[in-house]
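Q: I would like to learn how to read some features of a protein model. Can we go through them one at a time?

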Amino acid sequence: MVGTVVGVTSDPNDSSSPGPWVPGEEPTAAMPTQGSNGQGAQGQPGYRPQGHEQQSYGPPWEQQGQQEQPQWGSSGQGQQGSGQQGGWQPPQPPQPPQGQQGYGQQQGYGQQQGWQPPQPPQGQQGYGQQQGYGQPGYGQQGYEQTGYGQQAYQQQPYDQQASGQGGLGPFGPRPEWQQPPPVPPAGNGGSGHGGGGRPKKQRQPGKRGKVIAITAAVVIVVAAGVGVGVKVLNHGPGIPAYGMIPTGSTPQQDGQQVATAFLSAWRSGNLTAAAKLTDQHVAAKAYLAANTKSLDLGKMSATTDSVAASASSTAAAPSETAKFTVTALVAAKYGSSVIRGQWQYHSTLVAYQQPNSSVWFVNWKPDVVAPNLTATTRLATVSVAPTVGVVTDAGGEDLSSYGDAGLSNIAHDMASAPPAAKVKAGLDVEIQDTAGKNANKAVPDSQAIVTAPVNLASLATTINSSAESAARSAVGEHAMSSMVVIQPSTGDILAIANNDNYNDFALTAAVAPGSSFKVITSTALFNNGILSSPQSPVSCPPTYKVQGITYHNDQNESEPAGTPFITDFAQSCNNAFDQFYGDLYGKLASTAKDYYGLDQNWDLGLGGNISASYMNVPASASGAELAQETWGEGELTASPLAMASVAATVENGSFKQPILTAGTKQVTASALPMATDTDLKEMMRAVVTSGTADDIGFGPTVYAKTGTADVVGQGQPNSWLIAFDPTKDIAVAALVLNAGYGAQFAGPEVKSFLDSYSG
């Protein structure tokens, strides 16, 4: 329901790293060999593979030359066991001093990763068991630790990071990878006494829950498989480029650290950092970025609720399920506004330790973001339009009961998209498909309410039943006629009536207003000092020529020199107006906008933020075009709503934008200068008493202006009349298309209305 213008990568490579070990292929060096048994004998260290490891006897993240000498405890009287050698046999490094006899258990060198430190002394016979010296295998590149005994969390003096057991060579995410390469033989422990390193932590298995539908404030537990085969690249001493080396004392603490790091990066908007903690960082980053956009994500928090061992967790490959809560500010557009709300929901993630490595990852799946998401679905925010049960007139009568096309359209528009001032749109989050025939459509029953819309059982308009009935009766006199009635003091639209074959020309007509526009032309002449008063002498010659075009008055009438301008106005003599076109460049358009609020978008309160301009006054008009516009033709267009507002502005002395619902924001304009308003009232009254409307029979309190607009190719001109009666606080405009003179068709309809409406 509008007028003329509707406002409406892949992982980075490290050149220093050797190529990945491919299952089924032999390493370039010979496989580790079995160490010999013997009392007090010790195995020899294997060659350490080249790559990211520092060339020192310390752990791989210690800088060369900063290695710590092993702390040897007092040797007990124990029996040295046989250690299995893992790797090549290099020349024997210098032997450390023999330990002294004493008591106290010491763990020796068991399964060992990376380079072997200098050999400790052979243990003496004593009491208790001592683990023997096993040899290192091929550790996972860059992260294996030299541990004492079977050790996963040895603390080093230069780095507090803990590490797991070393694996077999670097192997990354390769399409052909199916199973991890074989594990090298482990060293066998012997017996003896003495001080030693920390034992490996024990892993506790856990359980996982099952997926349920997405709803706000529901805990969802996702059963997810743990991914393996992620290539780990060194990113500085002890800091992986992908994944994380946690420092907890239990798998649960490690899982907590990994989950917390991921959620912290996500909530801070550092999606690159969050993605690098997953085992599919490229896919994870893309999905997280898309999620931010589709939710119009604002401030967000994410906190871990609980961490428990996953069903797939083992001592060798611990896996922890973390339940967490997300609270996020999300938004969606509703018309020209934005609806925002805070959404809280629960989700889960699985953090796991990569086999044969000390590095942990978040097992990436889209349902980490929220339950039930897949690679082909996404979260999205959608605004929810409020609804109205029934749209009524000011007295509660259903608008559709009047049977008027215009009112029926208004009722439909308001019910489907009520005015924002009366209701409030809601906000939902839903799961949408991203591929196939249902792309961008919601998955059934996936909506979660963020904020519910504020609906109305009924919505009242400003339509007055008495005025509406009188207007509908009036337009019934002629086919193709429309009428709008306004209360000047408020701008309330009291009646919209149409008799135009289910059209709504009362609001949508865009035709030349004819001589009814002379009210605005006269305003411009007075405001700009071109004429001083209604008594200023202005002749009206029978013809007037502009740029080779000769304009004739209707029936060649004329007014002599010295004729008061009020007479020219009352008789509606065109050439009394067009002769001033040279003084009015740009002034007609500015007057219409600045004082009458025209030629700009009005929001009547129709709903859905619909706004429109119900009149067009070209600001660039000049020459012959501007001359025609002075008497209401040329490129000028207007609707009955706009012209009723012109009459209402003169009655009230200032513009009040027409509205259909109370509380709608109204466009404002400057008040008419008091002298100008007084002059206009005087001239409009003269139209009724001695001018073109004197035969209609209006009463003593009515002010009017007729208008007749010729249309090329149309049999009859369009008939206009605008009027107001200050005693009833009423202004009205009538338009009858293809009819004749304004006084003959539109005039009687306006009289019929004013006679019937008592106010």
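This is a predicted model: local features need pLDDT of at least 70, side-chain atom pairs count only at pLDDT 80 or more; totals for chains, interfaces and linings use all residues.

Q: How far does helix α12 reach from its first C-alpha to its last?
A: Helix α12 covers residues 640–652, which is 13 residues, and its end-to-end reach is 18 Å. That is close to the 18 Å expected at 1.5 Å a residue.

Q: How many residues of α12 are buried?
A: Twelve of the 13 are buried, so the helix is mostly covered; buried here means under 20% relative accessible area. Among them are P640, L641, M643, V646 and E651.

Q: Where is P513, and which residues does P513 touch?
A: P513 lies in the loop between α6 (505–508) and α7. Leaving aside residues up to four places away in sequence, P513 touches G632, L636, A638, M643, G707 and W720. M643 is also one of the buried residues of α12. P513 counts as buried because its relative accessibility is 0%. P513 and L721 are 208 residues apart in sequence, and their C-alpha atoms are 9.2 Å apart in space.

Q: How are two packed helices described?
A: By the angle between their axes and the distance between the axes. Here, α7 (residues 518–527) and α13 (residues 674–690) pack at about 140°, with axes 10 Å apart. That angle makes α7 oblique to α13. The crossing of α7 past α13 is right-handed.

Q: Which residues make the contact of α7 with α13?
A: V519, S522, T523, F526 and N527 of α7 meet T676, D679, L680, M683 and M684 of α13. By class, five are nonpolar, four polar and one charged.

Technical notes:
Residues are numbered from 1 along each chain as its sequence is written. Side-chain values use heavy atoms; hydrogens and water are left out. Axes are lines fitted to C-alpha atoms, for helices over the stretch in contact, and angles run from 0 to 180 degrees between N-to-C directions. Helices (H or I, at least four residues) and strands (E, at least two) are DSSP runs, numbered from the N terminus. Angles under 35 degrees count as roughly parallel, over 145 as roughly antiparallel, 65 to 115 as roughly perpendicular and the rest as oblique. A crossing is left-handed if the near helix is turned anticlockwise from the far one by less than a right angle, and right-handed if clockwise. Contact means heavy atoms within 4.5 Å. Ala, Val, Leu, Ile, Met, Phe, Trp, Tyr, Cys and Pro count as nonpolar, Asp, Glu, Lys and Arg as charged, and the others, Gly among them, as polar. Buried means under 20% relative accessible area, exposed over 50%, partly exposed in between (1.4 Å probe, protein chains only). The expected span of a helix is 1.5 Å times one less than its number of residues.
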